[in-house]
Every structure is written in structure tokens, then in C-alpha cells.
Amino acid sequence: MKAVKSIVLVTLVTVLFASCDDFGNINTDPNNPSQVRTELLLTNAQKGMGDKVGAVMGTLWIQYMGETQYTDDQEYRNVNANFNGWYTGELQDLQTIIDLNSNPETAGDVLSGGSNENQIAVARILKAYFYMMITDRWGMVPYSEALQGRENLQPAYDAQSAIYSDLIAELKAAAEQIDPSSAAVVGDILFEGDMDQWAAFANSLRARAALRLSEANASLGSTEFADAVNDGIIQEDVMYPYLSNADNENPWYSRFRTRTDYAIHKTIADTMKTLNDYRILVYANPAPDQDNGDSEVTFNEIVGIPFAENAGDIPNSEISFPGSAIGAGGPSVGQQDAPLPIITLAEMEFAQAEAVERGWIAGVAADHYNAGIEASWNQWGVFDQANFTAYLANPEVTYDTNTWEEQIGYQRWLALFPNGYEAWSEWRRLGYPDLEPNEWGVLNQIPVRFTYPSSEATNNTENYEAAVDAQGPDAPTTNVWWDQ
């Protein structure tokens, strides 16, 4: 199956990028089916997911990783980021799929990508996935007026409350639009055309989005969360399927091909070692100075890197680098096709535990909490009944409804590794774990948003200024709407 995925990706690159002129025509003439293969656009959009779940910045801010040499990112110096590539890349590909399948003049010409309805549904789901990631990072962003090309080069920014309401509605409608009895989507490297899994994925993303509203719009959040769970959420981890070749390799593998810029952070390493949490033995490799040379990794061999004024002065032999399970380690020990989590059973179990505590759904919060930890241990291949039982018996782990926010927050943080941006969003929402900002940073707090691309102030001035007036200063310390 990986060979098939590799062929799809190679074909995609060949067809879409062999000619800059042809690619330009695809974007400017979306109604010409002789130049557009929607299945290739779908693969291209999905390929962008791999970069997002394997991104670095969130892992630094949430203290999964620390920088070993160049420390600007973990010192909060690079808080300005450009979202334009999302709109011209993945989102435009998905909008093109929707447009071609919705237009009666072209709908019959793109059936090689699957039935019209299923193609539209999948594109809507993925659009919601990407838009949620964008708005979680910047807050107010172009949404309702976006993706119109030359018809609107200066789109207005939508309130995050409106974006979330529409994303939830889109995910619900898209799941209902799926028809498993008609032709499945083609070019799907995520679920290989399994439309039932696409519906479950959409419902799970809706549950994630609904929970994000817990402090900002609990009424909408509670209704939509319960409905999403009732409609059917994922029954297995959704992992991004990288390839064992350079066409689409794990980004952590790429980073460690010739460099060692990131190590496991002291915060997460010390937390997990104190709890005898066996996942840290997979999250990290032994520090060379502590490695006794046998094949068994032990807790005392894991040493996290602390924030430091001169991190480059800390020898590599004294710290643990991320493990091969997430692809790190380089060509010698890394796993080039190691999958990374998009959304997992553990995340959904912790979400349901929290929903029970909030009165959104019926059930026993402790059962979902324990199941979340077990699912995470299984995900990382460290489950052993005796070790797991001892772990749950730890007073800091044993579930207590009186401290549910802290306990679920900490366990969700441990389970979301290495999905830094999702962990960052959940940390902002709940406030747990209790993280101390980098004392060598240029801010006295961990950033809670990215600042807008500098080009927006110049090229979309009126709408940029309106967004700043509504949301607050364009600063990394300004909370997004749901972060209350």
C-alpha cells in the first residue's frame, strides 16, 4: 500500500509541477477539466497535513522540545507568521475540488476523483480542518470572503466566533453529505477512500471544535459535542502516513538528517519520569552519557534539555533527543515513514471525560480518563498491565473529580505529543499543564497567538485594521476569542 501511495505522490508532483504555466492555468481556469485532476488536488492538499502535524514551533512553546543551538523560536522571537500559503495552497486546491464538482458544466468531467457528492464532502471536511488550524493560531482571519482569487484580493476578516460556528456546521453537513454507496474518493492517502472513516473523522473534528468553545460559547459547544459523539467518532487513531522515501518523509526525520537542533524538553521529561510514565521511553532516546549500552531504555537514561541562556553550551552527549517513534534520529536510527498523530482515540476519550464533567454528555468521567491514558499507551506501544495499573495508582494520576481540569489537562498534554499546535491550543483553553515561560525569552509569557503577516498591513490595510480594532493589538499576548 505504501508503494501505491508513493506512486500517487510521484504522479502528483509530475503532473502538477512539471510546468509552472500549466499550474498557473489550473488556478486561473478551474473550469477546464482537461487540465485538472481532482484526485491529484486532493492528494496535494492532504500532503500539506503532514507538514502541519509535524511542525516545530508548537512543540517548543508547549515544552515538548527544546532547541539545542539556535534558540530564537523558544525565546518567542519568531511570533510573526504568514498564513498566505495556506490560502493559495491546500485551501485553494480543496475549493477547486468543490467548485468543479458543484458546477453542472464540469461535474461530469471530474468523476475520476469519485462521486461528486463524496468529493465535495471530503473537501469540505479538509477545508474545515485547515481553517480551524489557521484561526486557532491567528484568531480573526479571512474566511467568508477568502478563496475568491482576483475577484477579491482584499478579503475581510471574520470574527472567530462566526468562523467556529460555520466550521462546526460545515463538518456536520459534510458528514451527512457522504454517501458510502456511491463512488469513493480517489487520491486519498489518509483513508484510502473509506467514506465511513471520513464521516467519523468529520464528527471527531466537530467534537474537537465544540470542546474548544467550552469557555466562549458553552451552549453551542455542548449541543454540538453531544451530537458529534452520537453521530459516531473515530474508533482508531488517525495518523498521517509518511513514506519511506524522500517524496513525503516524516519531517522529524528530515530535520535530523544532518542536524541535531531539537532535544526532549526537561519539563515533559521530568514530569513523565516522576510518574514512571513509560511513554517517555519512546518519546525520547537515551542521553549518550547515561546510556549503559544495552538495548533497554530506562528512566534514568532520559535527560531533558532545560531552557538556558546559551543552550549551545550543553553537550549533545548530556541530553536526550526525540525518539525514532516520531521519526527523529536521522538516517542512522530514525524511522523515515514513522506516522504522526492527526487525531487519536486518547484525545477523544479525554474530550469525553471533560464533557461528562461539564454535563454535556452522560457517562463516567473517570472511565473515559483512564481509557484515554490506556489508548495513548497502546498508541505508543508501551502498554503493560502491571505498569499501567501502577501508573493509575499514582496519587498524581488517580482520577479525582474535584481536580478534573488539572488532571485531564496534564494527561491530554502528555498524550498529544508531538502534536505541538493542538497541545498549545488545549493548554491555552484550559490553562494546564502549569508551564513556566522561558526566562530567557523576549516575552514574560508564552505566546497565545501568532501576529498577522506583515503584508496584510500593507496590502489589506482596511480589513487588517478592522480586525485589530475588534480583536485587540496584533501582538502575541492578545488572546483569541475562545481563549477565555
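Tyrosine 76 is buried, with a relative accessibility of 3%; buried stands for under 20% relative accessible area, exposed for over 50% and partly exposed for values in between (1.4 Å probe, protein chains only). The model is predicted, so local features need pLDDT of at least 70 and side-chain atom pairs count only at pLDDT 80 or more, while totals for chains, interfaces and linings use all residues. Residues are numbered from 1 along each chain as its sequence is written, and side-chain values use heavy atoms, with hydrogens and water left out.

## The chain as a whole

The chain has 21 helices and six strands, where helices (H or I, at least four residues) and strands (E, at least two) are DSSP runs numbered from the N terminus. Its radius of gyration is 22 Å, close to the 23 Å from the globule rule for 484 residues, so the chain is as compact as a globular protein of that length. That radius is taken over C-alpha atoms, and the rule is 2.2 Å times the number of residues to the power 0.38. Along the principal axes, the C-alpha atoms fill a box of roughly 65 × 50 × 50 Å.

Of the 484 residues in the chain, 56% are buried. Among the contacts with a separation of 6 or more, 74% link residues 24 or more positions apart; a contact means heavy atoms within 4.5 Å.

## Backbone details

Tyrosine 76 belongs to the loop between strand E1 (65–67) and helix H5 (84–88). The phi angle of tyrosine 76 is near 65 degrees, a positive value in a residue other than glycine. Asparagine 276 is not a glycine either, yet it has a positive phi of about 55 degrees. The loop that holds asparagine 276 runs between helix H12 (266–274) and helix H13 (280–283). With a relative accessible area of 44%, asparagine 276 is partly exposed.

Cis peptide bonds come next. One joins phenylalanine 417 to proline 418, with omega near -5 degrees, and proline 418 sits in the loop between H18 and helix H19 (420–430). Another joins tyrosine 432 to proline 433, with omega near 5 degrees. Proline 433 is in the loop between H19 and helix H20 (454–459).

## Helix H17

Which residues of helix H17 (residues 385–393) are buried? They are Phe388, Tyr391 and Leu392. Viewed down the axis of H17, these buried residues fall within an arc of 95 degrees, so they line one face of the helix; the arc is that of the directions from the helix axis to the C-beta atoms. Ala386, Ala390 and Ala393 are exposed on the other side of H17. The packing partners of the buried H17 residues are helix H16 (365–379) and helix H18 (404–416).

## Three residues and their surroundings

Valine 53 is part of helix H3 (residues 38–53) and is buried, at a relative accessible area of 3%. Apart from neighbours within four places in sequence, valine 53 is in contact with Tyr129, Tyr240, Tyr242, Leu340, Pro341, Ile342, Pro418 and Asn419.

Glutamate 249 is in the loop between strand E4 (238–240) and helix H11 (251–255). Its relative accessibility is 12%, and glutamate 249 counts as buried. Beyond neighbours within four places in sequence, the contacts of glutamate 249 are Tyr242, Leu243, Ser254, Arg257 and Gln336.

Aspartate 179 is in the loop between helix H8 (160–177) and helix H9 (195–212). At 30% relative accessibility, aspartate 179 is partly exposed.

The table pairs each of these residues with another position in the chain.

| Residue pair | Separation in sequence | C-alpha to C-alpha distance |
|---|---|---|
| Valine 53 and asparagine 310 | 257 residues | 29 Å |
| Glutamate 249 and threonine 88 | 161 residues | 23 Å |
| Aspartate 179 and threonine 223 | 44 residues | 25 Å |
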